[in-house]
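Reader: I am new to protein structures. Please show me one, and I will ask about it piece by piece.

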Amino acid sequence: MKLTVHGGIGEKGRTCIGVEHDGIRLLLDAGVDTSARGAAYHPAITRAELERTDAIIVTHAHEDHVAALGWGLANGFSGRILMTVESAAETDATLAAYATPEERALARQAPVEIIAPGADFALGSIAVRTGRSGHVVGGIWCHLSADGRSLGYCGDVVPDSPVLAMDALPPSDLLLVDASYGTDRIPAVERGAAIRRWLAAHPEGAVLPTPLSGRSIELIGLIETPLAIHPAMREALAQQIAAATWLKPGAADILSARFAEALLWEEGRTLPAAALLVDDGMGLAGPSKAALAQARRERHPVLLTGGIPKGSPADTMLAAGEAEWLRFPTHPTLPENIALAAASGADRILAHSCDAATAARLANDIPRLVTGLKPGDTIEI
Ligand SMILES: [Zn+2]
């Protein structure tokens with residue numbers, strides 16, 4: 001197998017990994033980089049390469065993994081699109097926020113083949129296995145093998161989420177780990193406790209921008225103080241909470257009980273004395289745009305809990321001291337990535353979703369990590 005980096009290695013965002021074997025060409029994910037402008041917003045892949053691509057496997061419907069799907073269709077891709085039923089249901093909302101109306105329309109019209117974690121299939125002579133990623137409901141990792149060689153692609157994973165279950169990846173010769181958090185070593189339980197303490201110290205309430213999928217239900221599972229949501233989020237959250245096969249045992253009951261008690265806030269209303277969850281996580285789209293603007297006007301507390309792209313409204317507020325930031329983990333810590341790399345038995349590891357300098361630092365702790373790769377580079381597996 002030959003791997004080509006089209007995005008997401010040596011940089012954060014626009015994750016897109018090409019794999020070629022025996023005349024079959026496929027892409028793992030097709031994301032955008034929300035902090036980039038111009039050509040770097042989309043994967044580094046030519047029209048000729050897109051025209052030759054047989055299939056795209058989408059690991060989950062976050063913008064850095066799926067928002068370039070319509071762009072690909074507009075630029076020559078006409079192959080198979082494979083994703084879980086949950087990711088397929090979310091993709092349109094992601095493209096509404098991060099793609100052009102034309103790209104969104106193309107993605108809506110394109111047929112999607114539904115895959116399920118644990119149900120193996122093949123693309124030509126490449127055997128494909130997927131499993132639950134623990135990152136979002138409907139999120140999967142992907143394992144490819146052909147001619148006795150294999151590639152593990154984490155996509156985004158959370159090995160020890162309190163809410164979402166992750167399946168173990170099979171051994172592989174090359175493993176791509178989710179290095180979104182770089183050298184962060186602080187365990188999730190400590191991070192969660194810090195958020196709870198911060199909320200308890202802000203009884204007047206706070207706005208918590210969060211992606212609609214994944215982190216929102218994790219926060220619902222974490223927060224024990226009063227909770228509020230925007231009505232536009234209700235259906236999507238209810239679906240995630242009902243998706244018991246993706247959750248850890250017992251999690252659905254806790255989430256359902258807290259969700260049932262959540263207050264509702266919408267534009268034009270007073271911000272509630274509660275932890276108000278609004279999507280997206282950075283104030284670029286969804287009800288978080290209006291909630292952040294209102295919080296800014298009224299000097300209401302704002303707590304950011306995820307990655308904040310430069311230049312986004314959340315980033316501006318953070319820089320101005322109008323928001324605080326405490327990480328809620330939705331990616332692996334360094335010790336978790338060291339464990340994933342060791343468990344894979346892989347003789348080469350690649351770090352995705354981090355810049356080159358971060359990958360170089362990770363190489364001190366993750367044995368056999370290959371650094372220096374960037375979009376346009378290829379390696380043989
Ligand atoms: Zn993600």
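Reader: Is R185 buried, partly exposed or exposed?
Author: The model is predicted: local features need pLDDT of at least 70, side-chain atom pairs count only at pLDDT 80 or more, and totals for chains, interfaces and linings use all residues. Residues are numbered from 1 along each chain as its sequence is written, and side-chain values use heavy atoms, with hydrogens and water left out. Buried means under 20% relative accessible area and exposed means over 50%, with partly exposed in between (1.4 Å probe, protein chains only). R185 has a relative accessible area of 46%, so R185 is partly exposed.

Reader: Which residue forms a salt bridge with R185?
Author: A salt bridge needs a side-chain nitrogen of Lys or Arg within 4 Å of a carboxyl oxygen of Asp or Glu. The N to O distance here is 3.1 Å. The partner of R185 is D365.

Reader: How many residues apart in sequence are R185 and D365?
Author: Helices (H or I, at least four residues) and strands (E, at least two) are DSSP runs, numbered from the N terminus. R185 sits in the loop between strand 11 and helix 6, and D365 in the loop between helix 13 and strand 19. The pair therefore ties together parts whose separation in sequence is 180 residues.

Reader: What is the relative accessible area of D365?
Author: D365 falls in the partly exposed class. Its value is 30%.

Reader: What is the N to O distance between E20 and R25?
Author: E20 is partly exposed, at 26% relative accessibility. R25 is partly exposed too, at 25%. Their side chains meet in a salt bridge with an N to O distance of 3.4 Å.

Reader: How close are the N and O atoms of D92 and R108?
Author: These two side chains form a salt bridge, and the closest N and O atoms are 3.0 Å apart. D92 is partly exposed at 24% relative accessibility, whereas R108 is exposed at 55%. So the value asked for, with a cut-off of 4 Å, is 3.0 Å.

Reader: How many salt bridges are there by this rule?
Author: The 4 Å rule is applied to the side chains. The count is 19.

Reader: Which residue in strand 3 is the bridge partner of V19?
Author: Strand 2 (residues 16–21) and strand 3 (residues 24–28) run antiparallel, with five bridges. One of the bridges joins I17 to L28. For V19, the partner is L26.

Reader: Which residue in strand 4 is the bridge partner of L27?
Author: Strand 3 and strand 4 (residues 55–57) are parallel, joined by three bridges. Strand 3 is mostly covered, with four of its five residues buried. The partner of L27 is I56.

Reader: Why is helix 7 largely enclosed by the rest of the structure?
Author: Helix 7 spans residues 215–222. Its buried residues pack against several elements, including helix 6, strand 12 and helix 8. Contact here means heavy atoms within 4.5 Å. Helix 7 is largely enclosed because the buried residues number seven of eight.

Reader: How far is the backbone nitrogen of G214 from a polar atom of the side chain of Q240?
Author: Q240 lies in helix 8, and Q240 is buried at 4% relative accessible area. Among the residues Q240 touches are V137, L212 and I217. The distance from the G214 nitrogen to the side-chain polar atom is 3.2 Å.

Technical notes
A polar contact is a pair of N or O atoms within 3.5 Å; within protein, one must be able to donate a hydrogen and the other to accept it, and residues adjacent in sequence count only if both atoms are side-chain atoms. Two strands pair if DSSP finds at least two bridges between them. Lists of a residue's contacts leave out its neighbours within four places in sequence.
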